[in-house]
Amino acid sequence: MTRDALLALNTAELDSNQATQSMIGIMQQWGYEASELITVIDKINMTADRNALSSQDLVDGLLRSGGAAKVAKMSFDETVGAITAMREATGRTGKEVGNALNSIISYTQRAGSLNIFESMGIKAFTDETKTEMMPVLDIWKQLSDRFSEAEAMGESATKAFMESATNAGFLSEELAIATDTVDEYKLAMEATTEAAQEFSDVEKRDAAQASAGVHRRNYFIALMENMGKALEVTT
């Protein structure tokens with residue numbers, strides 16, 4: 001592992017801490033053996049070389065989401081793909097994207113969210129008794145397809161889809177907190193409320209949500225719109 005960590009320093013543009021402690025953390029999350037470290041480094045290095053993110057972004061993102069992703073039946077490669085697609089689409093740091101992915105996984109697995117998915121015609125369970133949840137990536141693929149259909153159908157369909165996402169918790173203030181955008185959330189809320197003094201109560205609410213929800217929506221929409229990219233990177 002020491003030899004491989006030195007290789008990571010030279011080829012993957014990782015610093016000494018990332019090449020040792022961070023890589024050990026990632027290996028532990030996924031239950032990899034020491035003999036598999038060089039393959040993990042290769043995947044991180046190749047992904048960073050071929051896409052608009054750094055090896056550090058991937059390492060930071062994996063450290064913050066790997067544990068939850070594995071429990072949600074995502075492979076290492078699938079997690080790398082999701083982080084890459086969201087990082088490129090949002091321009092946020094690997095740490096922020098990792099936090100966002102971790103939160104989206106959590107919200108996807110909530111009982112209330114699964115019920116909402118089913119009401120949208122999205123299959124969330126592998127069996128009729130609803131005791132075994134589908135891999136979270138399979139749920140996201142269905143959501144992504146539904147999002148694309150809604151966009152093609154027009155503004156009203158897209159709005160209905162986003163309302164469902166809000167009800168599932170993806171666009172909540174809690175997600176803003178989890179993804180380190182709570183300060184942006186508060187500033188947007190204050191600015192929008194001040195600018196909307198002449199609006200009705202309903203208009204104020206809609207205007208505030210539209211503005212304050214931008215940062216939270218970015219992560220969720222980035223995942224929905226760039227699922228193809230995530231799958232391409234995974235492959």
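A pocket here is an open set of points on a 1 Å grid over the protein atoms alone where a 1.4 Å probe fits, with protein on both sides within 12 Å along at least five of seven lines; lining residues have an atom within 4 Å of a point. Lining this pocket are 13 residues, of which Met46, Thr47, Val233, Thr234 and Thr235 are the closest to its centre. At least two lining residues come from each of helix H3 (37-50), helix H5 (76-90) and helix H14 (227-234), helices being DSSP runs of H or I with at least four residues.

The model is predicted: local features need pLDDT of at least 70 and side-chain atom pairs pLDDT 80 or more, while totals for chains, interfaces and linings use all residues. Residues are numbered from 1 along each chain, and side-chain values use heavy atoms, without hydrogens and water.

Helix H5 also packs with helix H4 (residues 55-71): their axes, lines fitted to C-alpha atoms over the stretch in contact, come within 10 Å and cross at roughly 125°. Where they meet (heavy atoms within 4.5 Å), H4 supplies residues including Leu58, Leu62 and Ala69, and H5 residues including Phe76, Val80 and Ile83.

Helix H1 (residues 2-11) and helix H2 (residues 16-30) have axes that come within 8 Å and cross at roughly 140°. H1 and H2 are therefore oblique as well. Ala5, Ala8 and Leu9 of H1 meet Ser16, Ala19 and Thr20 of H2.

Methods: Axes fitted to C-alpha atoms, helices over the stretch in contact; angles between N-to-C directions. Parallel < 35°, antiparallel > 145°, perpendicular 65-115°, else oblique.
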